[in-house]
Amino acid sequence: MADPKKPRPAFAPWDRRELPGAFSVEETARRVGNYKWIEMKLFEALGGWIATVPELDVKMRLGTHCYHHAWHADLWHKRLPELREMNPERLTVPADGMEAFVEALTEPEAADLTIEKLVGVYRVLIPHKIAAYTYHLNNTSTITDAPTIRSLKLILQDEFDDWRDGEMLLQSLIETDEEIDRAVAHQAKLSKLMLAAGGIAGAGSIGSNELTYDATPQEATA
């Protein structure tokens, strides 16, 4: 029988987790608040479009995705008190510039603007959500922020599945050169607003390429 009093390391040899992460508790809480805000807005947008989109297959798929974003918002809402933020509503706010983006995203209302609605969600917003969530997943502490990592992994699976569904719906709807022009123009408009916002969590949503020390080009690419 093994001696229970024998000194042992904190982590088993096969456990390669590291304690340090790129985010403080306060930064994690700020990002989670931004995440909850955009998930709620996307839930509201898709829920509103379900009633007006005439294509039955699109309507059905939006219903499924709408539920996903409501669940994501709930996951982030429950995470905030665990990050010492006892008033989750205080941090449920948009990053600078994201209100303007959401306003433009939800601007197409007419029944014949399904392409614009889907382009905004599946070719602009969801790719940026995937990027920000992946950056957070890859840079946070695998020990102290394990609950956030679990939520990110669950949410990212939905995001990838939903992005694929949305892109396939768009490819099935776009049949003419004019419709391609409409999709490209709307994507460019929303992409510029997202660029101005810096991403769903503001500037630094996916980190920065700026060097933090005086490195030579060879060192920077090593």
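The crossing of α4 and α7 is left-handed, a crossing being left-handed if the near helix is turned anticlockwise from the far one by less than a right angle, and right-handed if clockwise. In this predicted model, local features need pLDDT of at least 70 and side-chain atom pairs count only at pLDDT 80 or more, while totals for chains, interfaces and linings use all residues. Residues are numbered from 1 along each chain as its sequence is written, and side-chain values use heavy atoms, with hydrogens and water left out.

Helix α4 covers residues 98-105 and helix α7 residues 177-197; the two pack at an angle of about 165°, with their axes 8 Å apart. α4 is therefore roughly antiparallel to α7 (angles under 35 degrees count as roughly parallel, over 145 as roughly antiparallel, 65 to 115 as roughly perpendicular and the rest as oblique). Axes are lines fitted to C-alpha atoms, for helices over the stretch in contact, and angles run from 0 to 180 degrees between N-to-C directions. From α4, Met98, Ala100, Phe101, Ala104 and Leu105 meet His186, Lys189, Leu190, Leu193, Met194 and Ala197 of α7, contact meaning heavy atoms within 4.5 Å. The residues of this contact comprise 9 nonpolar, 1 polar and 1 charged (Ala, Val, Leu, Ile, Met, Phe, Trp, Tyr, Cys and Pro count as nonpolar, Asp, Glu, Lys and Arg as charged, and the others, Gly among them, as polar).

Helix α5 (residues 114-139) packs with α2 at an angle of about 30°, the axes lying 14 Å apart. The crossing of α2 and α5 is left-handed. On the α2 side the contact is made by Val58, Leu62, His65, His69 and Trp76, and on the α5 side by Thr114, Leu118, Tyr122, Ile126, Lys129 and Tyr133. These residues divide into 7 nonpolar, 3 polar and 1 charged.

The chain as a whole has 8 helices and 0 strands (DSSP runs numbered from the N terminus, helices being H or I with at least four residues and strands E with at least two). Its C-alpha trace spans about 70 × 45 × 35 Å along the principal axes.

The lining of the largest pocket consists of 13 residues, of which Phe23, Val25, Thr28, Thr144 and Asp145 lie nearest the pocket centre. A pocket is, on a 1 Å grid over the protein atoms alone, an open set of points where a 1.4 Å probe fits, with protein on both sides within 12 Å along at least five of seven lines; lining residues have an atom within 4 Å of a point. α1 (25-50) and α2 (56-82) each supply at least two of the lining residues. The lining is made up of 4 nonpolar, 6 polar and 3 charged residues.
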